[in-house]
Structures are given as structure tokens and as C-alpha cells.
Amino acid sequence: MNNQREKIGVYPGSFDPVTLGHLDIIERSARMFDKLIVAVLDNRSKKALFTADERVKIIQNETKHICNVEVMQFDGLSVDFAKAQGSRTLVRGLRAVTDFEYELQMAQTNHAMSTEIDTIFLTTDLKYAYLSSSIVKEVASFGGDISQFVTPAVRALLEAKYAIKED
Ligand code: PNS
């Protein structure tokens, strides 16, 4: 059961796979809450490279050192998941102005659906401003060097996925 006084943040996303930009947001937002739940969307209608189980395991492995981070998967609305976990705060990263319109629309829709839920935005570190999981997958799929975008473990997993795909 959730302790009512515990401040819980929920960071929802696809994380297919988690990048250094996501990990930076996780590290920084974990400092703002008693517990941060990284919520991996298991969206069956959206084709993901990694299964939700794989994505959860990857993030668990990469956040082992942050003791107040929990990684879970969810299906459905982020606000419903946050409420079920006893959280009132969604966390999202903002990379650039181009993210803003979509993120604003999502935050406002979420707030309209659940007025008790707020979204807070952390601006990504400048060195990750251009980074996205899609771009990383694209580079990896052509055999490019992704070592500055993801951790060594994620890099190995991506390389293995694309090596298998080429067979
Ligand atoms: O990493 P992404 O793909 O940009 O994350 C998007 C995500 C998972 C946060 C968003 O698609 C989401 O919250 N999906 C769950 C369904 C939902 O709540 N939709 C309403 C948002 S307006």
C-alpha cells in the first residue's frame, strides 16, 4: 500500500530503448521525489523493437544505482496508472521547442482528464537535446556508432537485434 505522504513521481514513456537522455531525466527527477516510477508503455498497437519486458529489464539494469527508482510497465492512460500508484505528478523531458506543442497538448489533456494530476517538465541536458530512441535505432540499423547515445549494454542489445534482423 502507498504511504500517503510519500511523494511519488511517474515518468511515462516508450523507452524503446532507453537513451542517455532518458537516463539523465531519470537521475535528475529521482532527486525530486521519494520514489520515481519509470512507467514503460506496453502499447500493442505501436510496434516496438523491444518488448515491454525487455525495456523494463534494460531500465532496471541501468538504474540499479538509484535506490528510489522503480520500473513498471503499464497499458492504458498515464493518468490512470499514476493515480493507481498514488502519484499526482507526471514527469516528462523537453528537448527542444519542437517537443513543446505535443507535450503541452498531452499535459493539458491529462490535466483535463484528471485535474489532480500535474505534469512537470525537465529540460534535457544540452548534450542530449537532439537524441531520441528512433534516431538511435535508425543509426544502429545501418551499423552506425551509437556509443555516445546509449549505455554499452543497450548498445550491445541494439546491435544484437539488428544483427538478428539482417539474418
Ligand atoms: O516516449 P513517448 O513515446 O514520447 O511517450 C509517450 C507516452 C507513453 C507518455 C504517451 O503516449 C502516453 O502517455 N500514452 C499512454 C496513453 C495516454 O495516457 N494517452 C493520453 C495522453 S494525451
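Is F149 buried or exposed? With 11% relative accessibility, F149 counts as buried, a term for residues under 20% relative accessible area, while exposed means over 50% and partly exposed lies in between (1.4 Å probe, protein chains only). Keep that residue in mind; the tour comes back to it.

Before you start clicking: this is a predicted model, where local features need pLDDT of at least 70 and side-chain atom pairs count only at pLDDT 80 or more, while totals for chains, interfaces and linings use all residues. Residues are numbered from 1 along each chain as its sequence is written, and side-chain values use heavy atoms, leaving out hydrogens and water.

**Stop 1: the sheet**

Select the strands. You will find an open sheet of five, in the order β3-β2-β1-β4-β5, with parallel pairing. Strands (E, at least two residues) and helices (H or I, at least four) are DSSP runs numbered from the N terminus, and two strands pair if DSSP finds at least two bridges between them. Now pick β3 (69-74) and β5: each has a single partner strand, so one side of each is left without a neighbour in the sheet. From one strand to the next, the twist averages 30°.

Zoom in on β2 (residues 35-41), which runs parallel to β3 and is joined to β3 by six bridges. Click A39 here, and then its bridge partner in β3, M72.

**Stop 2: the helices on the sheet**

Next, select helix α1 (residues 20-30), which packs on the sheet and touches β1 (8-13), β2, β3, β4 (89-94) and β5. Contact means heavy atoms within 4.5 Å. The direction of α1 makes about 120° with that of β5; axes are lines fitted to C-alpha atoms, for helices over the stretch in contact, and angles run from 0 to 180 degrees between N-to-C directions.

Back in α1, select A30. A30 is buried, at 3% relative accessibility. Leaving aside residues up to four places away in sequence, A30 touches L36, I66, N68 and V69.

**Stop 3: an aromatic pair**

Rings of Phe, Tyr and Trp (its six-membered ring) pair if their centres lie within 6.5 Å; planes under 30 degrees apart are stacked, over 60 edge-to-face, and the rest tilted. By this rule there are three aromatic pairs. Select Y130 and F149, an edge-to-face pair with 6.0 Å centre to centre and 75° between the planes. Y130 sits in the loop between β5 (118-123) and α5 (133-141), and F149 in the loop between α5 and α6 (152-166), 19 residues apart. While F149 is buried, Y130 is partly exposed, at 45% relative accessibility.
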